[in-house]
Amino acid sequence: MIPGSKNPEHIHANFDLFDFTLDDSEMAEIAALHKNERYYYSTPDMLKAYAEMVPPVDEQK
């Protein structure tokens with residue numbers, strides 16, 4: 001996911017996300033979550049409905 005913003009403070013905050021580390025046990029827990037299943041799917045109709053629901057970029061705050 002790539003967050004977007006026009007606000008310089010928000011842009012800086014979006015990039016300031018590497019202020020933590022994960023140890024080996026935490027990485028193992030994350031790896032165990034992978035079940036080779038897809039949790040998201042879309043169809044052309046779903047994508048069209050989403051595009052219609054999102055306001056134009058210039059109107060976003």
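**Exercise 1.** How many of the 61 residues of the chain, in percent, count as buried?

*Solution.* The structure is a predicted model. To count as buried, a residue must have under 20% relative accessible area. By that cut-off, 0% of the 61 residues of the chain are buried. The accessible surface of the chain is about 6,500 Å². Carbon and sulfur atoms hold 60% of that surface.

**Exercise 2.** Describe the secondary structure of the chain and its overall dimensions.

*Solution.* Start with the elements: there are three helices and zero strands. In sequence order they give the pattern α-α-α. Next, take the extent of the C-alpha trace, which spans about 45 × 35 × 10 Å along its principal axes. Finally, consider the radius of gyration. The chain has 17 Å, whereas a compact globule of 61 residues would have a value near 10 Å.

**Exercise 3.** Does helix α1 lie largely in the open or under cover, and which residue caps its N-terminal end?

*Solution.* Helix α1 covers residues 8-15. Of these eight residues, the number buried is zero, so helix α1 lies largely in the open. The cap is Asn7. One of its side-chain oxygens lies 2.7 Å from the backbone nitrogen of Glu9.

**Exercise 4.** Place Asp24 in the chain and state how far Asp24 is from Met46.

*Solution.* Asp24 belongs to helix α2, which comprises residues 24-33. Exposed means over 50% relative accessible area. Asp24 has 70% relative accessibility and therefore counts as exposed. Between Asp24 and Met46 there is a separation of 22 residues in sequence. In space, their C-alpha atoms are 39 Å apart.

**Exercise 5.** Where is Asn36 found, and is Asn36 buried or exposed?

*Solution.* Asn36 sits in the loop between α2 and α3, the latter being residues 44-53. The relative accessible area of Asn36 is 67%, so Asn36 is exposed. Its backbone has a phi near 55°, which is a positive value in a residue other than glycine.

**Exercise 6.** How far apart are the mean positions of the positive and negative charges of the chain?

*Solution.* The chain carries 5 positive and 12 negative charges.

**Exercise 7.** In which helix is confidence lowest, and in which is confidence highest?

*Solution.* For the chain, the average pLDDT is 83, and 92% of the residues score at least 70. Confidence is lowest in α1, with a mean of 84. The highest confidence is in α2, at 94.

Notes:
Residues numbered from 1 in each chain as written. Predicted model: local features only at pLDDT ≥ 70, side-chain atom pairs only at ≥ 80, totals over all residues. Heavy atoms only, no water. Helix = DSSP H or I, 4+ residues; strand = E, 2+ residues; numbered from the N terminus. Rg over C-alpha atoms; globule rule 2.2 N^0.38 Å. Buried < 20%, exposed > 50% of the residue type's maximum accessible area, 1.4 Å probe, protein only. Areas by Shrake-Rupley, 256 points an atom, 1.4 Å probe, with all protein chains shown as cover. Lys, Arg positive; Asp, Glu negative; His and termini not counted. Charge placed at Lys NZ, Arg CZ, Asp CG, Glu CD. Polar contact = N/O pair within 3.5 Å; in protein donor to acceptor, adjacent residues only side chain to side chain. pLDDT = per-residue confidence, 0-100.
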